[in-house]
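Grab a pencil and work through these exercises with the model open beside you. Try each task before you read its solution.

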Amino acid sequence: QQILSDIFNDNIEESNVVTHRDNGVMLEILKIIISKSVWERPELEKICLRYNQILGSILEQINDYAYDKVNDTVIDDDDDIVYVNTDYKDKLI
């Protein structure tokens, strides 16, 4: 039982490290994105590329994070334009 417990605890700790690292990148991008309320998609794609991230994935992570923190989403993706609700800026970053 101890061996199994050690294995599962190690996996949980490794999983948390990966999540924390991913959140760090997402938060860095969020700090940039939440600085204005309207973005053109190519602008955001360039920002994400600097961090080796995919825009769609980052936008989803940001909305998940926002929903956990403020019970609301902050990103509305309308194909070429991305709208950002900046009302929650102080609570999210």
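**Before you start.** This is a predicted model, where local features need pLDDT of at least 70, side-chain atom pairs count only at pLDDT 80 or more, and totals for chains, interfaces and linings use all residues. Residues are numbered from 1 along each chain as its sequence is written, and side-chain values use heavy atoms, with hydrogens and water left out.

**Exercise 1. Find where confidence in the chain is lowest and where it is highest.**

Step 1: Start with the whole chain. Its mean pLDDT (the predictor's confidence in each residue, from 0 to 100) is 85, and 77% of the residues reach 70 or more.
Step 2: Go element by element. Helix α1 (residues 2-33) comes lowest with a mean of 66, while strand β1 (residues 38-40) comes highest with 98.
Step 3: Zoom in on residues 11-21. Here the pLDDT is below 50, and beyond near neighbours in sequence this stretch has zero contacts in the model (contact means heavy atoms within 4.5 Å).

**Exercise 2. Decide whether Arg41 is buried or exposed, and list its contacts.**

Step 1: Arg41 belongs to helix α2 (residues 41-50).
Step 2: Check the cut-offs: buried means under 20% relative accessible area, exposed over 50%, partly exposed in between (1.4 Å probe, protein chains only).
Step 3: Arg41 has 19% relative accessibility, so it counts as buried.
Step 4: Skip neighbours within four places in sequence, and Arg41 is in contact with Leu55, Asp77, Asp79 and Asp80.

**Exercise 3. Explore the largest nonpolar core.**

Step 1: Know the rule: a nonpolar core is a set of buried Ala, Val, Leu, Ile, Met, Phe, Trp, Tyr and Cys residues joined through side-chain atoms within 4.5 Å.
Step 2: The core has 22 residues, and Ile33, Ile62, Ile75 and Leu92 touch the most other members.
Step 3: See who contributes. At least two residues each come from α1, α2, α3 (55-70) and β3 (81-84), and α3 gives the most, with seven.
Step 4: Follow Ile75. Leaving aside neighbours within four places in sequence, its contacts include Ile33, Leu59, Ile62 and Val82.

Methods
Helices (H or I, at least four residues) and strands (E, at least two) are DSSP runs, numbered from the N terminus.
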